[in-house]
Amino acid sequence: MDKNQSIIKMRGINFSHFENSPILKDLDFEFLKGDKIGFIAPNGSGKTTLFHLMMGLIKPVSGTIEIFGKPMETEQDFSQIRHRIGLLFQDADDQLFCPTVLEDVSFGPLNMGKSKKEAIDISKRTLGFLGLSDFENRITFKLSGGEKKLVSLATVLSMEPEALLLDEPLTGLDTKTRTTITRALTEMNISYIIISHNIEFLKNTTSKTLTMRDGQIYTDKQVHVHIHDHAHVHGNIPHKH
Ligand SMILES: Nc1ncnc2c1ncn2[C@@H]1O[C@H](COP(=O)(O)OP(=O)(O)OP(=O)(O)O)[C@@H](O)[C@H]1O
Ligand SMILES: [Mg+2]
């Protein structure tokens, strides 16, 4: 796929949960190959809703979604692309459902038609990459919150997706593990969108930051200024150019 090729294109999206007031209003958005986008916006502004719409888990009231240039109209359209875009759920309990870690991480590759051996090889590699080699036989539901989040990331990466949608990947993680995730993301040559409330993390992993307000997406100027401050020798003195 060429750089600048469209991964997700949304036009005129309107969405509300049942009878509630609208969450997304005439929203336009495009995610291109090579993009490393950060999303920082208040609780309840619609970030997770946006990811779920992108994956076809919920349907817009109106508007269009194209993925890899193809209009997404039916569940079948979405099911054909889901393995190509890895969604890390905000809540790890939505992601993990197998008895052991290795089964959970190999579920995706097996489901995509890989042989058992290939699926296990990829899963072991992915767990190793995230520093989780010792976790293969752990019982998934007994993992701690942070461990679940990391294993969830492994289930996403083992599918070898072309793009990632990460919904608060740092939640519950200790400092060392945060560093592992930051390193993993910067080492991977992959397009992604990260939802996070952690400015420092977004600064290290993304090249543009967006925010949501009144159901629409805007460039986040605050984070931009923040990054800019630290890019200078006299970085402790806030300044603009
Ligand atoms: N299943 C649902 N039914 C009804 N309302 C919902 C549902 N899911 C989310 N909402 C509402 O939609 C709004 C947007 O929720 P969403 O989860 O997208 O926010 P968010 O930006 O991801 O917030 P956070 O930073 O807290 O994760 C919120 O007001 C929330 O209460
Ligand atoms: Mg959310």
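**A closer look at helix H4 and the magnesium site**

Modeller: Happy to! Please keep in mind that this is a predicted model. Let's take helix H4, which runs over residues 116-129 and so has 14 residues by the helix assignment used here. From its first C-alpha to its last, H4 reaches 20 Å, close to the 20 Å expected at 1.5 Å a residue.

Now for its two sides. The buried residues of H4 are Ala119, Ile122, Ser123, Thr126 and Leu127. Looking down the helix axis, you will find these buried residues within an arc of 130°, so they line one face of H4. On the other side of the helix, Lys117 and Arg125 are exposed. What do the buried residues of H4 pack against? Their partners are H3 and helix H5, the latter spanning residues 145-157. After H4 comes Gly131, with a positive phi near 70°.

As for the metal, the magnesium ion (ligand 2) is coordinated by OG1 of Thr48 and OE1 of Gln90, at 2.0 to 2.2 Å. This pair links distant parts of the chain, 42 residues apart: Thr48 sits in helix H1 (residues 47-54), while Gln90 lies in the loop between strand S6 (85-88) and helix H3 (101-111). Are these two residues buried, exposed or in between? Thr48 counts as partly exposed because its relative accessibility is 23%, and Gln90, at 36%, also counts as partly exposed.

How values were computed
Residues numbered from 1 in each chain as written. Chains lettered and ligands numbered in written order. Predicted model: local features only at pLDDT ≥ 70, side-chain atom pairs only at ≥ 80, totals over all residues. Heavy atoms only, no water. Donors = N, O, S within 2.8 Å, 3.2 Å for Na, K, Ca; no water. Helix = DSSP H or I, 4+ residues; strand = E, 2+ residues; numbered from the N terminus. Buried < 20%, exposed > 50% of the residue type's maximum accessible area, 1.4 Å probe, protein only. Expected span 1.5 Å × (residues − 1). Arc of directions from axis to C-beta. Contact = heavy atoms within 4.5 Å.
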